[in-house]
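Have the viewer ready and follow along.

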Amino acid sequence: MAEKILMKGNEAIGEAAIVAGCRHYFGYPITPQTELTEYMAKRMPQVQGVFLQAESEVAAINMVYGAAGTGVRVMTSSSSPGISLKQEGISYIAGAELPCVIVNIMRGGPGLGGIQPGQADYFQAVKGGGHGDYRNIVLAPNSVQELVDMTIQAFDLAEHYRNPVMLLGDGALGQMMEPVEFKIGDMAPMAKPWAANGMRGRKEPNIINSLHLQPEKLEQHNIHLQEKYAVIQANEARWEELHTDDADLILVAYGITSRIARTAMEKARSEGLKVGMLRPQTLWPFPEAPFQRLSDNAKAFLVLELSAGQMVEDVRLAVNGKKPVAFYGRTGGMMPSPKSVYEQIVKTVQEKGGK
Amino acid sequence: MADKIFARPQALKDVAFHYCPGCHHGIIHRLVAEVLDELGITDKTIGVAPVGCSVLAYEYFNCDMFEAAHGRAPAVATGVKRSQPDAVVFTYQGDGDLAAIGTAEIVHAAARGERITTIFVNNAIYGMTGGQMAPTSLIDQVTNTSPYGRKAETAGMPIRMSEMLATLDGAKFITRVAVNNPGNMAKAKAAIKKAFEIQLQGDGFTMVEVLSTCPTNWGMTPIEAAGWLEKQLITYYPLGQFKVPEEVAK
Amino acid sequence: MPRPVFNEERCKGCELCTVVCPKKIVVISNRFNSKGYRPATCIDETKCIGCALCAKTCPDVVIEIHK
C-alpha cells in the first residue's frame, strides 16, 4: 500500500519526474512555478541527477533539446511568459522528434500579465505555439494527484511517440497542497537507437536535426509527423464524465476550473437541474468522441475557462453545430466562485432551454 | 594510409562541401577532423552545428551531430555534455550565431565553465543570408545592411568576442587564430588540438576564434580575400591567446 | 617521389593552392570539370617535394599527396 504524502503541486511534479526516472532538469525561476525549479535543485543531486538553472527559458529548452537528443529523460518547466520564450525550441524538438516533458504552470496574460492562475495558454499549447505543422501532447491535470500521475505518464508518452509532452497546469494547482501517492508508470523505458550520444562503435553517426531543405524531403517528414499525430489522436484522448447520462446541460472545464465547476454542478443537481460535466484530461488530442455522443441527448454545453475563450472553440468544433455552446470565463487571474458558476448554469439553462 | 603523406582525415566524410570556392569553412572543418583523428576521440565526439553557412556541418563530420537553433548551440551542447559527461562535445558557430543572437548562450556556457569546445568562425559578415552586417563587421565595411559602410554612430563598434569571453573565470582557453596562410593554419590546428585536449582533461570552457574569409560576400577573389583578412581583420582582431590554463601560463 | 593527386571533380577553382606552392608547380588547368570550374593541377610532378602546402590550403580536400 503506497504511502500518501502531503505535497505542494509544484513540488509533487518534481518528485513525480524523479519517480519516472528523469535525471535531467533545466529550468529558470518564474512565478508561480519556482518551487518546482527549487525542488529539483535540491532533489536532483540527491539522486545523482543533473539540475541546471539556465540563463533563460530559451537556454533551458535548448538544453532540453540537447539532453533529449542523447536519449535521456529530461524536463523543463516555466509559466506562460517563459513558455512563450520556449516556443522556438519546442518547434525544433517536435521537428527533430525528441521526447521531453514541458511543464506550464499558467498565469494571467498577455505580456507580463499577472501571477495569479490563468488558462489563457490553451491556444499556445494545443494549436502549436511555435512555427510549423506540429502538435504537443497536452495533459490537463486537476489535482495534485493528477499532477503526479500525468507527469509520470508524460515521460512514457513522450518516449513512446518521440514528441514533446506538455503538462498544462495553473498557478492554483501549482500552489495547492494535497495528499499524493507515487506509482511507477506502465510503460517500460524504450531503447533509443536514434540517440546522438556518441558513436562508440556504432557504424553510422546519428544526427538530431529538423532541417530538410529539399521540399520533397520536408513534405515526407511532415506526412510522417501527421501520421504519428493521427495515431496519438486515435489512442491517447482521455477525459472524465460526471453525471452526463441524463444531463440537459453539460459543463466543460479542465484544471482548477473543473473543480469549481464540479461544486457548482453538485449544487445545481441538488436544486433539481440536470447538469453534468465533461472534463478533458488531454487537451491534445482533444476528446472529440464524447462530445459527438453527448450532443445527441444534451440540450446545451457551457464551457468554463480562466480565459476569454479558447477551449470553447474546440468544443464548438466537436459539437459541430448540433447544440448551442455557451461560454463563461474570467481573465486576469480572477477565479469564479462556485456560486457565480452556479448562477451561470441557471442563466444558461433559462436561455438555452436546458431544463 | 601508409602510401600517403596527406589525405582526407577519417573524421571528415567523403562528400563534397557546399561552401563557396575559397571559403575557409572547408579548411577549418578539416583541421577539426584532423584533430579528432589524432586524438582518437571521434568515436565519442558529439558536435553541434549552427545556423549559417555551416548549418550543414552535420553532414560533413563522421561523428554524432546535432543541428541547433540559431545561437543556441552552447545551450544544446550544455544539455549534451551534462547528460553525456564522458563524450567530447564541440560547437561550431559563425559570427551571427555566436556574437549576435547567441551572445547570452555563449557567455553563460563560458561562465559556467562548460566542458565543451567552441570553434568560432569569424568572417565579419553574414554569409548564408547573402552578406549582411555582422556584429564583427569592421567600421566602414560595406555590407548589404550597411550599404554606406558601417558607422559607429548607428551600428556601434565591432565586438571582440575572444577578449570579452576571456574575462570569465569559467573560460579556460580562449585564443584567436586564422587559416589564411600555411603558418597561421599550423597555429590554428595546434590551438584547436589544445582546446580539445583541455576538454579531455576535464577542465573548463575552451574556444578557438578562427578569422576566416568570405570571398563571395566580401566581393573578392579567394586570394584577395586572404589578403584583406591579413591587412584589415587581423589589425582589428589580433591573433593570440587571451586565456590559458594556469599550468601552461607557468 | 612525392606527387599531388587532384580529385578534379571536387575542385572549385579557388586558386588558393596556386599561390602557396614553393616550387610554383600548381596552376589552374585549361579544362573544365562537370561543375564548370577549371580545376587546379600540377604541371611538373618531378619537382614536387611533398610539402603538402597545396593540400593543406585547399578548402575542399581536393589534393592528396602520395609518396
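## Two helices in chain B

B:Pro74, B:Ala75, B:Ala77 and B:Thr78 of helix H2(B) meet B:Glu105, B:Ile106 and B:Ala109 of helix H4(B); contact here is C-beta atoms, placed from the backbone, within 7 Å. Sorted by class, the residues of this contact are 5 nonpolar, 1 polar and 1 charged. Nonpolar means Ala, Val, Leu, Ile, Met, Phe, Trp, Tyr, Cys and Pro, charged means Asp, Glu, Lys and Arg, and the others, Gly among them, are polar.

This is a predicted model, where local features need pLDDT of at least 70, side-chain atom pairs count only at pLDDT 80 or more, and totals for chains, interfaces and linings use all residues. Residues are numbered from 1 along each chain as its sequence is written, with chains lettered from A and ligands numbered from 1 in the order in which they are written.

## Where B touches C

On to the interface: 21 residues of chain B are in contact with 22 residues of chain C.

| Element of chain B | Residues |
|---|---|
| Strand E1 | 4–6 |
| Helix H1 | 25–39 |
| Helix H7 | 182–200 |
| Helix H9 | 222–236 |

By class, the chain B side has 14 nonpolar, 3 polar and 4 charged residues. E1(B) also pairs with strand E4 (residues 63–66) of chain C, antiparallel over 2 bridges; pairing takes at least two DSSP bridges. There, B:Phe6 stands opposite C:Ile65.

Notes
Helices (H or I, at least four residues) and strands (E, at least two) are DSSP runs, numbered from the N terminus.
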